[in-house]
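Welcome, and please open your viewer. We will take a short walk together, one selection at a time.

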Amino acid sequence: MNDSSWSRFTQPSGYIGFLLVTFALSPAAFSEISVSNCARAAKYSESRRGSAMLVMQNGRTIFEHYANGGSANRRWPIFSGTKSFWGIAALAAVQEGLFRLDDPVSDTITEWKSDPRKSQITIRQLLSQTDGIEGASRLQRASIRDRNVMAIALPSAAEPGSAFIYGPSHVQIFSELLRRKLGGRSVISYFEAHVANRLGLHDLKYKKDARGNPLPATGFELTAREWARLGELVLGNGSYHRRQIVLSTVLREAFVGSQVNPAYGLAFWLNHEAPNGREADMERMLDLPWQNAQWTGVCFCKDAPADMVVALGSHYQRLFIIPSLKAVIVRQGSGGNFSDAQFLRLVLGRVE
């Protein structure tokens, strides 16, 4: 991996900023994660209803633990961690030239052209959940016949770019946009050819509606080892096992936060505000009405590197990816009073 590619990110305001060079230069940033620290973190996780923990560093597994006699072969729901895989599919489509991130959605979903708000929404805003559309958690109901039709008809709750409104609506709208861009080709087939198959992932649960549309907001069930492959792709600058899935220049777009939520990029969460940010439980923040959530200055863990990116699922399903440590950390479980910050401090040996 080319470490220099992680030293800079394009900020939402348009200037090129540095990504806490202290992490890139300090010996601690490149220190090995110890098995004993992982064991302490696993004990903490298991006491909070954790079921699996996997740690990889420098391309090899250094720690793996399954609670209560669990198996490495058991697939576990990753819930909203599913979104990050579809974010990679979106970047693959950008790379292919199907669209650009800053294209108006209404160029493809032409029903929006006459709407003063929706006509201004870009694909980037869909993927960063800043388009202003209602989050619409009801889209996840199995009884809905056509989620795509329902999603594109949802009302706008805020001006595009003015609010972070988390929910399944945004990626569902993106799924319809991709379907139209593919001109009749299957969205699922596209995802499998460009992402899933290249990561060796098969028999995924797409939670299809009656029209065959996938639910890209949630649904995948993966073993810890399978989920870690997404982390390996990120550490490989878009390459997995020497096979390029997306170019590094395209992949970096996923790790740029928005002005209204610097802690969320394109289907990935970010720790950019460390070490000076305010530690937050992102899941609890998402439970708040969107008007009440304050996303400026938040981070997962002050003591984790600022270049850490995260795929997050409900009940504290986590994929932590730390490029400066060349590390991937998977945590799976069933909720519990879990703290990302405490868990990471234990893994990284930042707790006395």
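**First stop: an enclosed strand**

Select strand β13, residues 317-322: 6 of its 6 residues are buried, so β13 is largely enclosed by the rest of the structure. Buried means under 20% relative accessible area, exposed over 50% and partly exposed in between (1.4 Å probe, protein chains only). Helices (H or I, at least four residues) and strands (E, at least two) are DSSP runs numbered from the N terminus. This is a predicted model, where local features need pLDDT of at least 70, side-chain atom pairs count only at pLDDT 80 or more, and totals for chains, interfaces and linings use all residues. Residues are numbered from 1 along each chain as its sequence is written, and side-chain values use heavy atoms, with hydrogens and water left out.

Now show the side chains of β13. Q317, L319 and I321 point one way, while R318, F320 and I322 point the other way. In a regular strand the side chains alternate between the two faces of the sheet.

**Next: the two partners**

Look for V310 opposite F320. In the turn of this hairpin, H315 has a positive phi of about 65 degrees.

Technical notes:
Pairing = 2+ DSSP bridges.
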